[in-house]
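Here's a quick briefing to read alongside the structure. Take a look at it first, then work through the points below.

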Amino acid sequence: MAQKQRVASSGGGFRPPLHRVVWERRLWRFLIVAILSIGAVVMALPFVWLLVSSFKPLEKIFIFPPEWIPDPFRPENYVEALVYKPFGLYLWNTLRIVVLNLAAILLSASFCGYGFARIRFPGRDFWFALVLATLMIPYFVLMVPQFIMFTRFGWIDTFHPLTIPFFFGGGAFNIFLFRQFFRSLPEELADAGRIDGCTEYGIYWRIMLPLSKPALATVAIFTFLAAWNDYIGPLLYLRSDYNFTVAIGLATFRSVMSTQWNLLMAASSAMILPVILLFFFAQRYFVDGLVLSGLKG
Amino acid sequence: MMGTHWFERFLPRTLAGRRTLTGYIFISPFILGFLLWFLVPAGVALWLTVHDWNLIAPPKYVGAKHLVSMWEDDRFWTSLSVTTTYTLVSVPVGLVLGFGLALLLNTKIRGISLFRTIYYLPSIVPAVANAVLWAWIFNTEYGLANVALRALGLPKIAWLQQPEWALPALILVALWGFGSGMVIYLAGLQGIPDVFYEAAEIDGAGRLARLRHITIPLVSPVIFFNLIIGIIGSFQVFTIARLVTNGGPQNATLVYVLYMYQNAFQNLKMGYAAALAWVLFLVVVGLTLFVFKYVGSRVHYEDAH
């Protein structure tokens with residue numbers, strides 16, 4: 001106690017006494033935690049509502065005020081929802097698209113990104129400006145003409161429109177991300193490779209790519225999310241039920257089940273769960289991707 | 001060692017020439033993709049804009065007809081104003097929420113990472129699942145939104161049936177996902193060196209002064225980035241509007257892209273839809289340039305002085 005008093009008074013007359021500073025800090029902290037807690041409850045409520053509804057029997061859905069603990073607890077909702085429509089098949093279709101997209105984007109975007117990052121040649125800046133420009137063009141602007149092209153190619157009701165375009169550059173954002181990453185690697189590594197007789201392709205494939213695991217992981221995660229969440233692509237191009245993805249399957253399930261909210265919530269939770277699990281296992285890469293996109297422009 | 005392949009006659013001889021060739025080989029997938037999936041479709045869109053085509057009958061040249069009918073099309077103006085309202089509310093409010101929460105979350109308190117997770121998670125919920133969830137939340141009799149209102153002693157609202165409440169409902173859904181912007185702000189805040197704040201504190205700057213003169217200028221590039229991304233994104237809102245309200249009631253949530261989609265794929269008016277797409281493009285480019293000009297000039301870049 002005496003110790004504290006002395007420290008406080010040694011600060012000089014112009015400073016507020018230490019105990020006031022400490023109290024002010026505590027008050028701020030309390031306020032911050034209070035605001036954050038209230039906000040967190042608001043943010044989490046829809047999730048709680050989703051889960052609670054998904055375990056209720058239908059007759060308990062339409063009750064006011066709602067019960068917050070499902071009684072009887074009904075996990076069968078999940079089974080019923082997921083077999084009503086062939087969600088297993090939808091999952092398989094989605095995974096096939098995901099795998100093709102991963103192969104396309106990881107190879108193509110890293111290849112282009114390497115060229116933009118580490119080779120100096122006339123016209124490079126022009127093409128890179130074009131990469132950034134395509135980043136700004138809304139997808140929907142080209143939706144109609146692309147649809148007409150893909151119709152002409154005979155690609156309707158196949159996975160081609162959802163996979164083949166990605167083999168050509170793999171998307172501006174991913175090229176950009178790989179470029180930023182490759183630029184951060186030391187040039188000495190490439191020089192060492194050159195001395196050993198590596199071609200530029202060898203340096204890319206054998207030296208730089210193996211060092212790019214964080215960038216590869218980030219791009220892989222965002223590729224998975226994009227394919228898993230995509231609604232407009234499958235909506236335009238997939239016609240037969242046996243070609244549906246999870247997203248489009250859930251959307252049609254919704255139109256069939258109009259008011260069976262318990263089954264609808266079960267199917268929705270099942271679609272959200274993999275995304276949340278992925279987040280918890282790969283949190284770092286989620287943030288890295290966002291940050292790389294936002295800060296190092 | 002000189003190679004002996006026949007095609008080497010055609011390869012560039014100088015080192016610089018060879019490097020240029022290698023460079024273009026590396027970026028060739030992008031160049032091809034740009035031609036195939038951007039330039040060709042853009043040309044097709046231009047061609048479509050002056051034609052009538054329903055994908056079945058042969059296309060017919062109609063000149064500027066689509067532009068004229070757009071001018072007289074009430075639903076076009078409705079969709080433009082709905083999207084503008086949506087953008088004008090959801091982008092600034094999302095920006096303030098994201099930035100404000102990032103400020104609060106940038107403190108060293110135990111359990112702070114749990115808070116960060118809770119605020120971030122809604123932004124990664126897949127759009128279709130999100131739409132189904134919120135359709136249930138906004139159910140008039142038994143939905144969570146009205147349960148909350150009634151718990152506060154307020155009257156219930158027919159969120160998705162009343163034209164004046166349907167768009168606010170969609171904006172609420174968008175705001176639930178403000179976490180993706182927040183994470184970017186948070187990273188920006190964590191990049192500010194502590195010495196700046198320490199120096200300011202010694203000079204007697206209070207919390208507000210530090211926020212105004214240190215934090216905001218230093219994070220302004222991030223704010224600017226989020227603003228541009230937010231505008232481009234919100235002009236493309238589609239999934240939620242289609243699945244929750246499908247444009248209704250009385251076109252109150254007929255967002256622009258949904259109207260374009262209806263023209264192209266329900267009414268098979270490919271030409272008109274392409275004209276709408278060009279207008280969307282011009283509006284987004286115009287807005288982006290506007291923001292660059294009037295907001296971009298206020299952005300503080302560290303290496304600029």
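pLDDT is the predictor's confidence in each residue, on a scale from 0 to 100. You need it here as this is a predicted model. For chain B, the mean pLDDT comes out at 91, with 97% of the residues at 70 or more. The model as a whole gets an ipTM of 0.89 and a pTM of 0.90.

**How the two chains meet**
- On the chain B side, 69 residues are in contact with 74 residues of chain A.
- Helix H1 of chain B (residues 15-49) supplies the largest share of the chain B side, with 21 residues.
- Sort that side of chain B by class and you get 57 nonpolar residues, 10 polar ones and 2 charged ones.

**Chain B as a whole**
- Chain B has 13 helices and 2 strands.
- Chain B is more spread out than a compact globule, because its radius of gyration is 26 Å, well over the 19 Å that the globule rule gives for 305 residues.
- Picture a box of roughly 80 × 60 × 35 Å along the principal axes: that's what the C-alpha atoms of chain B fill.
- Of chain B's 305 residues, 38% count as buried.
- Take the contacts in chain B between residues at least 6 apart in sequence, and 68% of them join residues at least 24 apart.

**The domains of chain A**
- Chain A splits into domain 1 (2-54) and domain 2 (80-295).
- Going by C-alpha atoms, the centres of these two domains of chain A are 41 Å apart.
- Where they touch, domain 1 of chain A puts in 4 residues and domain 2 of chain A puts in 6.
- The domain 1 side of that contact in chain A has 2 nonpolar residues, 2 polar ones and no charged ones.

**Backbone spots to look up**
- In chain A, a cis peptide bond links A:Phe64 to A:Pro65, with omega at about -10°, and A:Pro65 sits in the loop between helix H3 (58-61) and helix H4 (76-84).
- Another cis peptide bond joins A:Asp71 and A:Pro72, with omega at about 0°; A:Pro72 is also in the loop between H3 and H4 of chain A.
- B:Leu55 isn't a glycine, yet its phi is positive, near 80°; you'll find B:Leu55 in the loop between strand S1 (51-52) and strand S2 (60-61) of chain B.
- B:Leu55 has 13 C-beta neighbours inside 10 Å, so it counts as partly exposed.
- B:Asn251, another residue other than glycine, has a positive phi near 60°, and its place is the loop between helix H11 (239-245) and helix H12 (256-266) of chain B.
- B:Asn251 counts as partly exposed because it has 17 C-beta neighbours inside 10 Å.

Methods. Residues numbered from 1 in each chain as written. Chains lettered and ligands numbered in written order. Predicted model: local features only at pLDDT ≥ 70, side-chain atom pairs only at ≥ 80, totals over all residues. Contact = placed C-beta atoms within 7 Å. Helix = DSSP H or I, 4+ residues; strand = E, 2+ residues; numbered from the N terminus. Nonpolar A, V, L, I, M, F, W, Y, C, P; charged D, E, K, R; others polar. Domains from an automatic or database assignment. Rg over C-alpha atoms; globule rule 2.2 N^0.38 Å. Buried ≥ 20, exposed ≤ 12 C-beta atoms within 10 Å, placed from the backbone.
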